[in-house]
Amino acid sequence: MKKSYIVIGIIVIILIGIFMWFKGSYNQMVTRSEGVSSQWSNVENQYQRRLDLIPNLVNTVKGYAEHEQNTLTQVVEARAKATQMRINFDQLDEKTIRQFNSMQGELSSALLMAISEQYPNLKANENFRDLQAQLEGTENRIAVERRKFNEDVKSYNAYIRSFPKNILANMFGFTVKPYFEATAG
């Protein structure tokens, strides 16, 4: 009788240990996935900040460039394209990141470089300089948030791909998340 209690006790302890391992591993995957999701939101937040600055920039340039609408049209069109793309974090994959990155790249190239090259007199305008500084700061913030996103993705991907957690990840639908990559050129 005593031996059966010992065997049952050992089995219960082993089952509790296995349960605790499963629970800890699953909760860690959830925590890391939420970290990646949160960091993605920070990236989108910085892109939105840049989009919010563009109307101010366009209005400032309009005062100097009533006769030349081409550059303003490029900026407005690039902003419109960038605001059209909404990404659901659960469907984040390499193709989606590439498309998002491409649209944001078009907006970046249409922004300050095109305007400041075509309208050198704008550089003397205080409002333009302030907006330029804010946009440059935002570009730096975007770079920082993208770097942090990639760090979180690396940690998450390494965690769910390591053995034996990869078995649990597959069982519960945790998938590898894509990185932001530099655009060619």
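Modeller: I will begin with a rule: a salt bridge is counted when a side-chain nitrogen of Lys or Arg lies within 4 Å of a carboxyl oxygen of Asp or Glu. Please keep in mind that this is a predicted model, in which local features need pLDDT of at least 70 and side-chain atom pairs count only at pLDDT 80 or more, while totals for chains, interfaces and linings use all residues. Residues are numbered from 1 along each chain as its sequence is written, and side-chain values use heavy atoms, with hydrogens and water left out.

Biologist: OK, how many salt bridges does that rule give?

Modeller: The rule gives one salt bridge, in which the side chains of E151 and R147 meet at 2.7 Å, N to O. These two residues are four apart in helix α5, so about one helical turn separates them.

Biologist: Let's step back. What does the secondary structure of the chain come to?

Modeller: The chain has six helices and zero strands, where helices are DSSP runs of H or I with at least four residues, strands are runs of E with at least two, and both are numbered from the N terminus. Of its 185 residues, 35% count as buried. If contact means heavy atoms within 4.5 Å, then among contacts between residues at least 6 apart in sequence, 80% join residues at least 24 apart.

Biologist: And how many aromatic pairs are there?

Modeller: The count comes to four aromatic pairs, using rings of Phe, Tyr and Trp (its six-membered ring) whose centres lie within 6.5 Å, with planes under 30 degrees apart called stacked, over 60 edge-to-face and the rest tilted. One of them joins Y26 and F174, whose ring centres are 5.7 Å apart and whose planes stand at 70°, so the pair is edge-to-face. Because Y26 lies in helix α1 (residues 2-64) and F174 in the segment after α6 (165-172), the pair ties together parts that are 148 residues apart in sequence.

Biologist: Which residues do ring pairs link into a cluster with Y26?

Modeller: Ring pairs link Y26 with F172 and F174. Y26 is partly exposed at 32% relative accessibility, whereas F174 is buried at 13%.

Biologist: Staying with α6, which of its residues are buried?

Modeller: The buried residues of α6 are K165, L168 and A169. Seen down the axis of α6, they fall within an arc of 100°, so they line one face of the helix; the arc is that of the directions from the helix axis to the C-beta atoms. On the other side of α6, N170 and M171 are exposed.

Biologist: Last one: which residues does R161 touch?

Modeller: Leaving aside residues up to four places away in sequence, R161 touches N166 and V176. R161 belongs to helix α5 and counts as exposed at 60% relative accessibility.

Note on methods
Buried means under 20% relative accessible area, exposed over 50%, partly exposed in between (1.4 Å probe, protein chains only).
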